[in-house]
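Welcome, and please open your viewer. We will walk through this model one selection at a time, with a short note at each stop.

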Amino acid sequence: TDWVSEQLEMSKDSLVFCRVSPKTKHVVHFNVKKDDVIVWEFATSKRDLGFGVLFESTAVEGEEDLEDETAGSMKNKSQDNLFPILPEFMVNSHVSPIMGSHTAFTDGIYVITFDNSYSKFFSKDLFYKITSQSPTAAANQLSSTGV
């Protein structure tokens, strides 16, 4: 998409690239503090993708870094402690970039899923940027991007 091309030209370091294989999910965990804002932007080069945001009720003490998982690793975790914030749905991220945000209602781990488990044959090339920011910094970023 044009957004991917523009973002790659602006800063190749700002986007994460991931190829999401058929029948798998790519999962990103964020340990955030109450009132922090998670901001996401992503696009795929071809075809749609499932997307959702969950809250995991158990937090990891002292860990605030982004953590990626691939190949359906959420199957190994108990689904009992995951609560939907933005229920998973299909997005046409190959047509236009998907941008959004969520303000954390409590300290904990927020789980972002990019779902290609419904596809039997096609991998998806995913380009994304996800940040966790203070409310003031996020408001400044969102107003400048128009989200």
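## First stop: strands β1 and β9

Select β1 and β9 to begin: the two strands pair in the antiparallel sense over five bridges. Pairing here requires that DSSP finds at least two bridges between two strands. Helices (H or I, at least four residues) and strands (E, at least two) are DSSP runs numbered from the N terminus. Two notes before you go on: this is a predicted model, where local features need pLDDT of at least 70 and side-chain atom pairs count only at pLDDT 80 or more, while totals for chains, interfaces and linings use all residues. Residues are numbered from 1 along each chain as its sequence is written, and side-chain values use heavy atoms, with hydrogens and water left out.

Now show side chains on this pair of strands. Arg 19 stands opposite Asp 125 in β9, and their side chains meet in a salt bridge at 2.6 Å, N to O. A salt bridge means a side-chain nitrogen of Lys or Arg within 4 Å of a carboxyl oxygen of Asp or Glu. This one links distant parts of the chain, since Arg 19 in β1 and Asp 125 in β9 are 106 residues apart. Arg 19 is partly exposed, with a relative accessible area of 49%. For this tour, buried means under 20% relative accessible area, exposed over 50%, and partly exposed in between (1.4 Å probe, protein chains only).

## Second stop: the open sheet

You now have an open sheet of four strands in the order β1-β9-β3-β7, with antiparallel pairing. The edge strands are β1 and β7 (98-103), each pairing on one side only. Neighbouring strands of this sheet are turned by 25° against each other on average, direction ignored; the axes behind that angle are lines fitted to C-alpha atoms, for helices over the stretch in contact, and angles run from 0 to 180 degrees between N-to-C directions.

Focus on β3 and β9, which run antiparallel and are joined by eight bridges. Within this pairing, Phe 42 has Tyr 128 of β9 as its bridge partner. Look also for Glu 41 and Lys 129, whose side chains meet in a salt bridge (3.7 Å, N to O). Glu 41 lies in β3 and Lys 129 in β9, so the pair ties together parts that are 88 residues apart in sequence. Is Glu 41 buried or exposed? At 8% relative accessibility, Glu 41 counts as buried, whereas Lys 129, at 23%, counts as partly exposed.

## Third stop: the nonpolar core

Colour the nonpolar residues next. A nonpolar core is a set of buried Ala, Val, Leu, Ile, Met, Phe, Trp, Tyr and Cys residues joined through side-chain atoms within 4.5 Å. The largest one has 21 residues, and those with the most contacts inside it are Trp 40, Phe 42, Phe 51, Ile 112, Phe 114, Tyr 128 and Ile 130. Two or more residues each come from β1 (16-20), β2 (25-32), β3 (37-44), β4 (49-56), β8 (108-115) and β9 (124-133). Which element gives the largest share of this core? That is β4, with four residues.

Centre the view on Ile 130. Not counting residues up to four places away in sequence, Ile 130 touches Val 28, Phe 30, Ile 38, Val 39, Trp 40, Ile 112 and Phe 114; contact means heavy atoms within 4.5 Å. A second, separate core of five residues includes Val 27, Leu 82, Ile 109 and Val 111. As for β9, seven of its ten residues are buried.

Go to the loop between β2 and β3 and pick Asp 36. Asp 36 is buried yet has no salt bridge, and the nearest side chain of opposite charge, Lys 33, is 6.8 Å away. In this count Lys and Arg are positive and Asp and Glu negative, with His and the chain ends left out. Leaving aside neighbours within four places in sequence, the contacts of Asp 36 are His 102, Thr 103, Ala 104, Ser 132, Gln 133, Ser 134 and Pro 135.

## Last stop: the whole chain

Zoom out to see two helices and nine strands. Buried residues make up 43% of the 147 residues in the chain.
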